[in-house]
Amino acid sequence: MKTKQISIMISLALSLMVIAACKPKAPAAEIPASSDAATTQAPVTPETGYPERAYFGDTHVHTGWSFDAGLDGAVTSPEDAFRLASGAEVTSNSGQMVKLQRPLDWMVITDHSDGMGTINEVQSGNPEMIADPFLNTLYEAMKGNDPKARGAAVLEVINRQSNGNLPKQVMDPKWMVSAWQKTAATADKYNKPGTFTAMIGYEWTSNAGGGDNLHRNVIYRDDASFAKQMIPFTTFQSEDAEKLWDWMAAYEQKTGGKVLAIPHNGNLSNGRMFEETRFDGSPMTAEYAQNRQRWERLFELTQIKGQSESHPSLSPGDEFASWDMWDTGNLNGVVKKPGMIRTEYYREALKSGLRLEAKLGANPFKYGAQSGTDTHTGLATAEENNFWGKFKNLEPRAGRWQPVVTGGPGPGGHRGWEQSAAGYTGVWATSNTRAAIWDAMMRRETFSTTGPRMTVRFFGGYDFADSDAAGDVAKAGYSKGVPMGGDLKAAPAGKKAGFLIAAMKDPDGANLDRVQVIKGWLGADGKTHEKIYEVVWAGERKPDAAGKLPPVGNTVDMAKASYANSIGAAQLIAHWADPDFDPALKAVYYARVLEIPTPRWTAYDQMRFKDKMPDNIPTSLQERAFTSPIWYSPN
């Protein structure tokens, strides 16, 4: 079926958003100063029958209460983090004033459970802590306030935690109790249903085998009265995710509350994030696959430490696969071996899940899409022109592109310029409340963005028509099909899988280049395949004979770190049916939305600080969004 391209207003509200969105983005230097008194709060939103609005937030924020963040010099508290996210101006770790250009709708603080509550004791010189020689070294490094010494200490802590060699004081859970109670209580304090949702969470930080990143963020649906009944799980108890799931089941049984877990940074796992065995190397079972799908509903595609969505070696036909790459080793700098990359990336995992489902009867890799920052500054900033880095030493200043951010292969490690100003999660929820946002995560009605707050709808069904794309997309999508994160059952005779897709630019951001559908499927030969379809795009471009669409153009002015919305489109809407649909084959589909090229944070730094960077450092990018998939099963 030929794709019908439509560019229409789907409601008066949408029209007003488009009008507002036509303004070019100003560089951060032109953004007026503000204060708490001028804080803009998100409007109170009512409960609705089906999701009518996307709420944007961050699932992955560390404050100075995380051991590594505090050791590096972060002094932000959970209160500071929630205040910034909800619209206030706060003081950064380096003493600068910082404010989001727009408040977030929701946020989760995920300080590390390992060593929770101990870094403040080290910093204060608690005799029990500094009796250990290593902790005394950390105490002296913090007291001396030398950024290089602090950075080296952080890397050594990662190394010791990865190899199970931390002092016993750090592993003693007694320090966690008070810190966890305060963290949960702070989230309750800043939770304002309908206006700003402050969610409770923590990060379980498994660095198995000497740095293989198997981290999970645990997100609570509940308030502090539930969360405080059990202290978080740590890797001192186990590095095996199955044991974390056991803890989650015990929490739900004891409290009546609900939790889910979000894995991240498969790109730093040296092949272990999506390995096709259990943690101990034994064969994957149907029970394992069912439990993984039960407890882990989403996967973090992109964050400051690079992206885990795709890799050019796995998708050589994807011209947009090479972006924000951290693909050389694990978190502790152990270099990858051949074959590891295949089991690190989201798209390949989605395809492998189809194959494993055919074998086991359950899909262990049935993940929706989301993104977070993984900031260790308490500052949930993902805008390129307002990016405050991962650690205190990477907050805005001249030369921040040079230092080592974290461990990496060789003595150089990963450099400051390799940080990614990413990302946020869009959640289609019925209201801005803990329950509604968590429930949307649970049903995988979420999408990932690299930072811009573009909105994306993605519905699958068999009875959509072109007229549905010209009318109320959401109404047609929910009444005739399933939303992102859902399942399409066996196709009726003579029907193809069809999709409604609607993408709207960030009102304060760049126009859109194109919308693509990425399909993975399990062939009759038992092998997995993928294909990228150009569905709808801006301008009068036409695909060539091979189906490749010409670039949208480029308006970026590097000297001014600016761009113009003179190309691209404010919105792209389409009804698309899979021209290669085979009703007998398992398949998975998700949409990818690309913006026009815009300046990267490195370009803004060059303009502001007159930094001179080598030519190999990227200074522009095409921001993007990814929807959660829709799965098709013939049985």
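**Charged pairs**

Guide: Lys143 is exposed, at a relative accessible area of 51% (buried is under 20% relative accessible area, exposed over 50%, partly exposed in between, with a 1.4 Å probe and protein chains only). This is a predicted model, where local features need pLDDT of at least 70, side-chain atom pairs count only at pLDDT 80 or more, and totals for chains, interfaces and linings use all residues. Residues are numbered from 1 along each chain as its sequence is written, and side-chain values use heavy atoms, leaving out hydrogens and water.

Visitor: Which residue forms a salt bridge with Lys143?
Guide: Glu140, with the closest N and O atoms 3.4 Å apart. A salt bridge here is a side-chain nitrogen of Lys or Arg within 4 Å of a carboxyl oxygen of Asp or Glu.

Visitor: And where do Lys143 and Glu140 lie?
Guide: Both are in helix H6, three residues apart, about one turn of the helix. Helices (H or I, at least four residues) and strands (E, at least two) are DSSP runs, numbered from the N terminus. Glu140 is partly exposed at 38% relative accessibility.

Visitor: New topic. How many salt bridges are found in the whole structure?
Guide: The search gives 37.

Visitor: What does Arg514 form a salt bridge with?
Guide: Asp513, at 3.1 Å between the closest N and O atoms. Glu319 also pairs with Arg514, at 4.0 Å. Glu319 sits in the loop between strand E12 and helix H14, and Arg514 in strand E22, so this pair ties together parts 195 residues apart in sequence.

Visitor: Is Arg514 buried or exposed?
Guide: Buried, with a relative accessible area of 1%.
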